[in-house]
Amino acid sequence: MTTTQATRTAGSGLAAVAAGTGAPRRRTVRPGLAAALGFLALTALAVLWPGLLAGDPLAADPLGVLRPPSAGHWFGTDHLGRDVLDRVVHGARHSLTIGIAATLLAAGAGVLLGVLAGMAHRLADEALARSFDALSAFPLLLLALLFIALAGPGTVSLIIAIGIATMPHYARLVRAQTLVVRRSGYVEQAVSFGASRARLVARHVLPNVLGPVPVLAVIGLGEAILAAAGLSFLGMGPQPPAPEWGAMLAEGRNYLRVAWWAAILPGVAVTLTVVSLTVLGRRLQQRFEGRHA
Amino acid sequence: MILVRAVARRLATAAVVLWAAATAAYLALLLAPGDTVDNIIGDGPDTPVIRAQIIAEWRLDRPEVVQYLDYLRRALLGDLGRSYLLQRPVGDVLGEHLPATVTLAVAAALIGVVLALVVALLTAGRRPLLRRGASAGELVLVSTPGFLIGIVLLNVFSFQLGWFPVAGGQSVAALVLPAVTLALPIAGVLAQVLRDGLERALEEPFVVTARSRGIRERAVVARHALRHALLPAITLVGWLSGILLGGTVITEQVFGRPGLGQVTLQAVTAGDMPVVLAVVLLSAAVYVAVSTLADLSYLLVDPRLRRSGT
Amino acid sequence: MATPLVRVEDLHVTFHTPRRDVAAVRGVGFEIRRGECLALVGESGSGKSVTARTLVGLAGPHARVRAGTLQLDGRDAQAFTPGDWRRVRGRFAGLVLQDALVSLDPLRTVGDEVGEVLGAHGLVAARQRPERVRGLLERVHVPEPARRARQHPHQLSGGLRQRALIASALAGEPSLLIADEPTTALDVTVQAQLLRLLGELRDAGATLLLISHDLAVVAQLADRVLVMRDGVVVESGATAQVLGEPQHPYTRLLLAAVPSASSRGRRLSAPVTAVPRTLPVAEVDPSVTVAAVSGLHKAYGGHEVVRDVGFRIARGETLGLVGESGSGKTTVAQLLFGTLAPTAGQVLFEGVPWSGVSERSRRPLRRRMQLISQDPLGSFDPRYPVERIVAEALEPGLDRRARRGRVVELLDRVGLGADLLDRYPRQLSGGQRQRVAIARAVAPRPSLLICDEPVSALDVSVQAQVLDLLADIRAQDGTALLFISHDLGVVHHLADRVLVMHDGRVVEQGPVGDVFTLPRHPYTRGLVDALPTLSARPRPPGPTVPGRRP
């Protein structure tokens, strides 16, 4: 049952990490990693200082609507004549903030609850484990929709909704890892040197349990960004005219027949971000496994 | 006998998880900010008669324990309550739209699985270039939002080439693009897992033994490696059902297809909580049912698990 | 007898890895004649398995094979097409690997696995296959062959499983049977039965290529022996000659490293000298009891794994604990160590109650009892370098320099240099890991050291070094040892007294010489009889084999 549970962790990237699959086991393509890092650096810059890279995302030009990509507007303009590139750059802040905040929330709560369950006595552990199972029985998107139905759309709702929905992945992994470490030979040895319970947790359990969490979080971040874009596309996130990637795509969709760039390029930004995060995450995972497994 | 116990254990676990999921959904409704009656009405007509009806249906005038137990009783009996916005039983609303969504989900699952199998079998352990190309393609598919895939397909095959209808409709042609949209990310994940499983299995000692018997490489894969590769894939079936259910919401929106997803979106926007709760519970039930079936089929595929109760 | 079954000259096998090429086999040559048993012996990494697998074209996907001559049944194998190789596999040569639990497909029935060759080469029609499979299983003495054929590998005992694997290799009636460590994962009594089966096949005229690290196993079966090291054959000849009058220093080193009754009191590890170097004698003080165990029971859900076990260990004494897998010996170690609580019975350590008390109350004496396990890697925190691993065992409150000094001292004691301080466990060899584990265990100067199969995973020459080290430490520190092993030779070499466990019970105990030379309990007698020895068994009359070729 444990293996099935560990591998059944919902979510594409997360499932792959938990199952130890997905990552190519031999050599990685270094150029791919370099490109991923480069793109992530650019994205980080766009999040921290969008003004440096692009102009005003809200500046409309009624005379230049739905212009195709050109030297003046690399990504073309949308139905209000706003520069799509400017909006994509500024959108990074919206999309990534939601993703990062949701991931921090999920990983933080997940680690806490996971360690708690793993170190607890059997009954408490069982109760916690079952509630993780119950929570992950809800498809991410629908759980988030339930939350939004109750709390209303918006950035904060999105963060909390995605955070709650992805928390069980972390909690389950951390719990499983805690159980492994707790029964490991080195904890047994530390007991034989007279280590107290508190010392065991601080010196051996926590550090060994926390190790894989950042790796998981990098890949999980990609998934959170995907979920955020999806929900924004459905109109549940930041409201127009905020330049969120998913929302931009929803707006541009109506003009798809005449101006594909306004819809598709923001979507490509999502894909590139998630691909880069996954490439980085897998690389980190390989290094991590190389050191430990 | 041992097999019976293993099955019973899994069914019991499934029941516990379902109960916990129902409770969680109920708690979410109760703990939500604002008056519970207001939340249930949503944007629907707000009259004293309707308010009284809601209080009666949800037993809101009774102690909380009674409310909760009655809610569980109704959920157990399949009574999904009433939408006060639509003025109809929720069960009717869902029942009407379920077939379209199930058709879409099943078609997508079939396409996804077949595609993944073909790609994995063609690329496992083959030339690095082929393998790497497939890997990169899968990575992009997995990382692309479903609505982008849908819009690109729509743009190319409907607008540019005109092969498929743009929106709506119950025809088979109208099903193709939505199903493919939903299937591609699934195929990406499954192909990765299957190929990895195949390559892992091909390095096992029993494969050396099988090869030492002089059987063809095709038989090595078909008779030995494939079954082992399917094991990790089976554990993803529960996850798959979740992705399908969530994905239909977006796909139906992109392609303007009627279905459960559209109903859900309307309910979320209008705050029609009985419908939202019912959809969420239904999806959790599907997830639990499918995962339990997957667990049980695991017992069939892997004889080693039949022995112990673990 | 004109052409040998296999002729190999100047064989080279190189593995390509992204970082570098590894030459696994370098210029090996030999012949296998019809009806003989040839053995390849060597330690891990010697290239013996690769050499054998080259004969069926399964050296591996990244292997490059080059040879002056590579003839199978007179045909040049270097010109073989993939189709030719497929016809060789199963028909010319059958392959038996170690551990049938993973070498038979766990998802398929035993019958399907045994019968697969028959289908692959179109030997027997599908309808007659079950009948043939039953016959094959009978031939390797699997009882109830029809029922076993329908079962899956995990439902068979280790011995039966291995027999089924042999049956699957024999199914295509191959001219050559290649057995790669065929008995390595098995208990000693089961190993004896398997060796008897292989001997039977050989006597019936089968040609056998045996690959083993175990010289005693080789002595039982082989007509001729090739000793390999680092991809090269260092010595070859008739078995009696190679094992009886070894010429090459490496062969001599290997032979000297085997622990047994006759090696008691002698150093096992190199250098080999004319006069055997003796081990320091440990002083046993029978009047002082270090640990006493009485009436120990351990049950899991009604199933008793340890039943009424009692013993005492005196200061400086080495108590051996032998038994086959599942006999409960590791459980006894955990009960003594305190990681498991007994269902009934009592453990006293240095006169203080040790079982049935809280870990907190054990803490004052905790450091006086240490444990070395078979898997040292699992006992190291993967994030810790060697220095920190060993330092964890030191008394608290040392400053950094003093701590490092003590660690270096301890490493020096187990024969490791200070250059390993910053290494991580994964970067160490098996022998180095076990030495680090020993350094850590002896740091608190324990009065009792529990050694649970400490050398089982090691090559014989490394095992020899570790055993010598344990003997030195015992003599220097006066530490008592509870030495748990499945290997009677190791226990006979090192222990003063021995406990024999079977099915959770101690069936016999006493001084090691008495128990092993005059066993009273039938189970012990079976164990001792099953032990293969280095003296080659005379071959019963059968097909004659030409003598050693120059």
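Trainee: In this predicted model, how are α7(A) and α11(A) oriented to each other?
Mentor: Helix α7 (residues 140–151) of chain A and helix α11 (residues 212–233) of chain A have axes that come within 11 Å and cross at roughly 55 degrees. Angles under 35 degrees count as roughly parallel and 65 to 115 as roughly perpendicular. The two helices α7(A) and α11(A) are therefore oblique.

Trainee: Which residues of α11(A) does α7(A) meet?
Mentor: The crossing of α7(A) and α11(A) is right-handed. From α7(A), the residues in the contact are A:Leu140, A:Leu141 and A:Ala144. By class, the contact has 5 nonpolar, 1 polar and no charged residues. The partners in α11(A) are A:Ala227, A:Gly230 and A:Leu231.

Trainee: How many charged residues are on the side of chain A that touches chain B?
Mentor: Chain A puts 49 residues into this contact and chain B puts in 56 residues. The elements of chain A that give two or more residues to that side are α1 (2–7), α2 (12–19), α6 (122–136), α7, α11, α12 (245–253) and α13 (260–292). By class, the side of chain A has 33 nonpolar and 11 polar residues, and the charged ones number 5.

Trainee: Which element gives the most to the side of chain A that touches chain C?
Mentor: Here 15 residues of chain A are in contact with 19 residues of chain C. Two or more residues come from each of α9 (185–192) and α10 (197–210) of chain A. With 7 residues, the element that gives the most is α9(A).

Technical notes
Residues are numbered from 1 along each chain as its sequence is written. Chains are lettered from A and ligands numbered from 1 in the order in which they are written. This is a predicted model: local features need pLDDT of at least 70, side-chain atom pairs count only at pLDDT 80 or more; totals for chains, interfaces and linings use all residues. Axes are lines fitted to C-alpha atoms, for helices over the stretch in contact, and angles run from 0 to 180 degrees between N-to-C directions. Helices (H or I, at least four residues) and strands (E, at least two) are DSSP runs, numbered from the N terminus. Angles under 35 degrees count as roughly parallel, over 145 as roughly antiparallel, 65 to 115 as roughly perpendicular and the rest as oblique. A crossing is left-handed if the near helix is turned anticlockwise from the far one by less than a right angle, and right-handed if clockwise. Two residues are in contact if their C-beta atoms, placed from the backbone, lie within 7 Å. Ala, Val, Leu, Ile, Met, Phe, Trp, Tyr, Cys and Pro count as nonpolar, Asp, Glu, Lys and Arg as charged, and the others, Gly among them, as polar.
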